[in-house]
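Student: I would like to learn how to read a few features of a protein model. Please take them one at a time.

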Amino acid sequence: MRGNLGVLDAEERARLGLAPDRPYFEGFDASRVPSPCFVIDRAALQYNLDVLSAVARESGAEILLALKAFSAFSVFDQVRAALPGVCASGLNEARLGRESGFGHVTTFSAAYREDQIDGILEQSDHVIFNNLGQWAAFRDRALAAREKRPSLSFGLRVNVNLPLGDHPIYDPSAPGSRLGTPRGEFDARLRELFPGSDPHRLPDGLEGIHVHNLCEQGTGPLEKTLEALERDWGDVLRSGSAKWLNLGGGHHITKPDYDRARLVEIVRRLRREYGVEVFLEPGEAVAIHTGILVSSVLDVARNGVRLAVLDVSAVCHMPDTLEMPYRAEVWNSGEGAFTYRLGSQSCLAGDVMGDYGFPRELERGDRLVFDDMSHYTMVKTNTFNGVDLPSIALWDSRDGSLEVVRSFGYDDFKTRLS
Ligand SMILES: Cc1ncc(COP(=O)(O)O)c(C=O)c1O
């Protein structure tokens with residue numbers, strides 16, 4: 001019987017599918033941090049960054065961290081040393097990227113706000129427009145900003161209308177998607193908004209193409225996406241009017257089974273064939289298997305099944321488990337004899353993390369650890385029901401150092417309301 005559920009042993013590492021050489025919470029004991037608490041392992045983050053740096057070096061791609069997935073600025077010193085920049089979803093993230101000292105900021109929003117576009121032009125190096133209507137609306141301001149800073153560059157997000165994902169909520173090619181411009185729409189709007197423009201080139205002022213079509217995927221779906229891209233947009237790519245090609249995120253580059261050699265070949269070919277600079281903007285691949293969410297059992301009870309109420313919430317702290325949905329792993333759980341339905345303190349009946357088996361009965365005060373909780377968690381938390389935000393701590397498997405870098409309280413709940 002494993003008494004302490006908040007530590008990771010070799011057997012459990014194997015069950016979680018961790019690459020054998022990945023450092024991951026070695027020597028860590030969940031009872032050492034306040035609860036609830038997100039904990040990032042700097043050594044695990046460095047492992048991902050090293051993998052990404054090698055891919056960038058070998059392929060010649062520029063790899064940007066997608067801030068939407070992971071914005072833990074306490075570890076940006078490490079990210080900055082490995083990656084040249086970030087991709088932002090709007091003004092706030094662009095500003096965070098700039099303030100954090102990254103050399104490159106790419107910004108894309110499905111539409112820009114009148115009162116924010118000048119700030120975005122100021123904070124970004126690449127600004128990507130979702131369609132030609134957006135470009136027409138902001139073109140004069142964009143070109144004026146570029147007069148002042150010639151390195152500023154603008155691109156168009158295209159949509160290849162090729163759904164490849166398992167989760168429609170994350171599929172930019174889902175039918176009726178608002179994300180990006182299909183080729184037919186480009187042709188029609190080009191004639192209408194920029195009459196006389198060469199139909200095989202981007203209109204004057206645009207010099208990049210952005211396509212984001214993947215989610216947690218390998219090089220197979222990337223190749224299918226590129227086949228569609230080159231079929232629909234090959235004339236534009238060949239015309240030389242695009243200086244750069246941004247292949248978005250969703251590349252699972254740091255997963256043990258990802259075919260990195262193939263990605264390197266693909267990027268090299270694109271650079272060679274079209275003379276473009278290639279950008280990748282992974283979020284998950286930067287932060288996957290770098291962090292955990294430590295929780296505590298507040299109560300155990302029964303209602304036909306065994307119940308455990310925790311101080312973490314699916315709705316407030318792990319919303320992807322409900323939105324995607326997916327089942328989070330919990331350390332030292334599985335086929336154990338004692339199965340509990342893990343739920344939150346909140347009033348929402350469905351605020352349940354799932355049924356998990358443990359090797360022994362749970363007790364008040366037990367620490368339970370939700371695995372792989374760095375990406376799309378801290379950036380998505382909320383205080384529904386007044387539930388507390390988890391603290392944030394940094395662990396380093398290389399030297400056993402631990403620092404709680406952020407705690408939250410009543411003010412963090414109240415200042416979001418009025
Ligand atoms: C435009 C864009 N770039 C990058 C990303 C990051 O994707 P991921 O975290 O799956 O790598 C996303 C995710 O939605 C995105 O929409």
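Tutor: Begin with Gly101, which comes after α4 and has a positive phi, near 85°. Helix and strand labels are DSSP runs (helices H or I, at least four residues; strands E, at least two), numbered from the N terminus. The model is predicted: local features need pLDDT of at least 70, side-chain atom pairs count only at pLDDT 80 or more, and totals for chains, interfaces and linings use all residues. Residue numbers start from 1 along each chain as its sequence is written.

Student: Which residues of helix α4 are buried?

Tutor: A residue is called buried if 20 or more other C-beta atoms lie within 10 Å of its own, exposed if 12 or fewer, and partly exposed in between, with C-beta atoms placed from the backbone. In α4 (residues 91-99), Leu91, Glu93, Ala94 and Gly97 are buried. They lie on the same side of α4, because they cover an arc of only 165° around the axis; the arc is that of the directions from the helix axis to the C-beta atoms.

Student: What do the buried residues of α4 pack against?

Tutor: Contact requires C-beta atoms, placed from the backbone, within 7 Å. The buried residues of α4 pack against β3 (85-88), β4 (104-108) and α5 (117-123).

Student: How far apart are the end C-alpha atoms of helix α8?

Tutor: The expected span of a helix is 1.5 Å times one less than its number of residues. Helix α8 (residues 219-238) has 20 residues, and a straight helix would reach 28 Å, but the end C-alpha atoms of α8 are only 23 Å apart.

Student: Where is the kink in α8 centred?

Tutor: A bend at a residue is the angle between axes fitted to the seven residues ending there and the seven starting there. In α8 the kink is about 65° and is centred on Asp232. Among the buried residues of α8 are Leu229 and Trp233, and the cover over its buried residues includes α7 (183-193), β7 (208-210) and α9 (260-274). After α8 comes Gly240, with a positive phi near 80°.

Student: How do strands β15 and β16 pair, parallel or antiparallel?

Tutor: Two strands pair if DSSP finds at least two bridges between them. β15 and β16 (residues 401-406) are antiparallel, with 5 bridges, and Ala393 has Val404 as its bridge partner in β16. The hairpin has 4 residues between the strands, and its Gly400 takes a positive phi near 70°. β15 (residues 391-396) also runs parallel to β1 (residues 37-41), again through 5 bridges, with Ile40 opposite Leu394.

How values were computed:
Two residues are in contact if their C-beta atoms, placed from the backbone, lie within 7 Å.
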